[in-house]
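Hi there,

Here is the structure I promised to pass on to you. Have a look at it first, and then read my notes below.

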Amino acid sequence: MSAQSVHSPEPRTGILRRYIFSADHKVIGLQYFFLALVAVTIGTILSLLMRMHLVWPAAHLPFVAGGIMTPEQYLALVTMHGTIMVFFVLSTVPQAGFGNYFLPIQIGAPDMAFPRLNMLSFWLTLLAFLVLLAAFFVPGGAPISGWTAYPPLSGLGEVTGPGEGTGQLLWVAGVLIFCIASLLGSINFISTTIDMRASGMTLMRMPLTVWAWFVTAILSLLAFAVLFAGGILLVLDRVAETSFFLPAGLVVNGELQMRGGGSPLLWQHLFWFFGHPEVYIAILPGMGAVSHILANFSRKPVFGYRAMAFALCAIGFLGFLVWGHHMFVSGMNPYSGLTFSLLTVSIGVPSAVKTFNWLGTLWGGRIRLQSPMLFAIGFVSFFVTGGLSGIFLAQPAVDTELHATYYVVAHFHIVMGVAAIFGIFAATHYWFPKMFGRRMNETLAKLHFWITFPGVYCIFMPMHFIGIEGGVRRYADSTGANFLAALQPLHLFITIAAFITATAQLVFFYNFFRSLRKGEPATENPWDATTLEWATASPPPLDNFGGHFPSVYRGPYEYSVPGAAQDFTPQHLESEQTHAD
Amino acid sequence: MARSRGCARRTHRPNRALALEFSRRFCLYDCVSRTRNGARGSAAPALLFALFLILFVAVTVYLFAARVYPAPPPISRGAALVDRQYNLTLCAAGAAFVLAQLGLACAVWRFRDRGQSARFISGNVALEVLWTCVTLVVFVGLGMFGRRAWADARFVSSPSNAIQIEVTTNQFVYTFRYPGPDGKFGRLDPSFISAPAGNPLGLDPNDAAGRDDAVLATLTVPVDRPVELLLRSQDVIHNFFVRELRLQQDAVPGMVIPVRFTADRIGTYEIVCTQLCGLGHNKMHSLLKVVSPSDYESFLQRQAAGP
């Protein structure tokens, strides 16, 4: 292809050029990965602080100014935990991290379409992260309005509460910079997928991971653009005294605000028009990776490959039509609530198709339960559990009971948080040998899995019950209403489970960093896999395939083909009978 | 080679070989090493996986079905309708949950690597069409069925005997206003708002209709009478949530949002805020008192006589 000849690889000179200011998609992918590793550590510490405060409100906590947490500090943690996890972990590793590293290799390209734009995306993401974190260190602290930042709370400045001054402004600035980075990244992903595929790599021969990254890139392009617009309007409301989101007659803290003509619901529409596709931005790459891994470790083709690809597209498309289900009780017209409800339950259909096809992929296979497979199956279990609790929340009548309770916290953490994280774990264990040329330790990986998988269920399943009993989320303590006291034993159970599960993550970190240096050296294709990333060295050379570019002769998941010499037939093999090596 | 395993199992082996075989098949962690027939010792993890999923499903089904952590009893017809829809959804989603998780457990156990060869199946159009249609019918049917509880709460306009009460929220207080004997709410003007001066709502002193308005910190309603609340907010977005009514509604500045209910059980219930509204969010609290018709009459008389 012409695009391939355009990029002459940069010479590998100097540590800085090679590992820091590199335009190589593999280095950038790893940079995203390590950035998210820092972000997820911070985000988890914030959540543990919140869990401790919820059950031991009078305890002296580390990292908390003054020792005992105040309500505004608690809400600042709520905001920052959500923002860091959603933007800098869930939108970063599955798409920008693994996507950057493996999309070009899996389609047989030497790099992304725009390597320097790619580099800019990463550095903007890092800048966004630093700007966001700076909110902790300004007077007033981090914002208290949650990751959803609903105006007027977020739109008027310090008058509405501590953290709503400079802290909230830095929050918006961080999110805006992140939007730009994501937009640039998505353009790159889309162009690369369309233009840079190797010869023979038709759309229907692309691995499902590539399909997922491609659809996610389109979602990012459309969703982050809207959040960017909304964020600009919010900044204008705050600094230029406009009134996009502010109606007339606001009296805050006894002060009449001279604004008028805006609508607080407008922000919610703009935010959730981004916010719902964002859920799919977090989970679709995980779905792709899980399909990929289930086929590999079942030694079977993906069941219903076409249906899987179409389901990804259908989920992506429907994902843009359901944002109103976050707003059933917002004051939006109740008739539109009904429409959004029906569209939302119909998104359950492609989601169910994916689940069935994952089961179909396992069925009749020869399942090797190595660490990537364990996490992939864990993903399916979480996706089922979290998806089904969504059916309750998708109905406006039931949502009026459960909205803004811990039921919702349970739902989105399982389906968007932990399922996506398990997708990341599966992908990390699966691609580690390719990325670093060494293997992770299986024993440690399994130990990590067997604490984390039950642990996560112990954290989030009880939250359903707290929600059903009326436990409201984002409460700094349980003293505001009498019925909340009865929920404390469940909270205590959750906090203990959270600590055990979080501690188990140290096993992952230990295994990861130890294996980087001391892991067993990996061969080119340690999992007997079929796709192109396994047709090159581990780790791949700078131009990915060492001077030649592969051609593709078959679909991505030809496992256990009858009559073939072995139970996997790589995509780049011309004849089925040839041996891979 | 794949078939050699059955023979090997039947032959008598010395203890050491048995021990090796045992450790290969039941050791949790050493699953990477290939055995003679190429199987990767997946029995123990597969068993663990299946058992965990079965235990997880059993515990979850028990906790939901036995209502170990129940919602408080409903106190209105609307709340009872919500509960019915919740139960229906619980049945449908519960069945899907059990089938999918146990299906996963079954697949992992049954098709663990024992040296067999995987079946080359790339799909089954008839099956895929079937389950797509089944989920479509179940999910969308559930959504259609749930319409009723929602329509009952939000579409129907209030009957003529409904009592109108205005609910105003600000950081972090609920204020309830009754129209008084004249049945009319007085005009509000934000420039008159002054909590220290005893005018938290900004009642216009020049409007005669407002002179008999009763402004209270708790909500009192008669049993079995339709009530229409008019939700307003002065500063940021708040919410009005009563668990027993299964009712949440945001109060949005710049809007007046009606919600309706008919409480059918006398008692005192808690009102809390569920929309993050600032640092006092978790302390924003009031009470809903559902009283008998005669108690309501005397409540109204007290208010009329009061100021």
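Is the crossing of α3(B) and α4(B) left-handed or right-handed? The crossing of these two helices is left-handed, a label used when the near helix is turned anticlockwise from the far one by less than a right angle (clockwise would be right-handed).

Before going further, please keep in mind that this is a predicted model, in which local features need pLDDT of at least 70 and side-chain atom pairs count only at pLDDT 80 or more, while totals for chains, interfaces and linings use all residues. Residues are numbered from 1 along each chain as its sequence is written, and chains are lettered from A and ligands numbered from 1 in the order in which they are written.

Back to that helix pair in chain B. The axes of α3 (residues 43-65) and α4 (residues 77-110) come within 8 Å and cross at roughly 165°. Axes here are lines fitted to C-alpha atoms, for helices over the stretch in contact, with angles from 0 to 180 degrees between N-to-C directions. α3(B) and α4(B) are therefore roughly antiparallel (over 145 degrees; under 35 is roughly parallel, 65 to 115 roughly perpendicular, the rest oblique). The contact between them has 17 nonpolar, two polar and no charged residues. Ala, Val, Leu, Ile, Met, Phe, Trp, Tyr, Cys and Pro count as nonpolar, Asp, Glu, Lys and Arg as charged, and the others, Gly among them, as polar.

Chain A has a helix pair to look at as well. Helix α12(A) (residues 371-393) and helix α14(A) (residues 406-436) have axes that come within 8 Å and cross at roughly 160°, which makes them roughly antiparallel. α12(A) passes α14(A) in a left-handed crossing.

As for chain A overall, there are 16 helices and two strands, taken as DSSP runs numbered from the N terminus (helices: H or I, at least four residues; strands: E, at least two). Buried residues make up 65% of its 581 residues, where buried means 20 or more other C-beta atoms within 10 Å of a residue's own (exposed: 12 or fewer; partly exposed: in between), with C-beta atoms placed from the backbone.

Finally, the two chains touch: 100 residues of chain A are in contact with 92 residues of chain B, contact meaning that C-beta atoms, placed from the backbone, lie within 7 Å. On the chain A side, α11(A) gives the largest share, 15 residues. By class, that side has 58 nonpolar, 30 polar and 12 charged residues.

Happy exploring!
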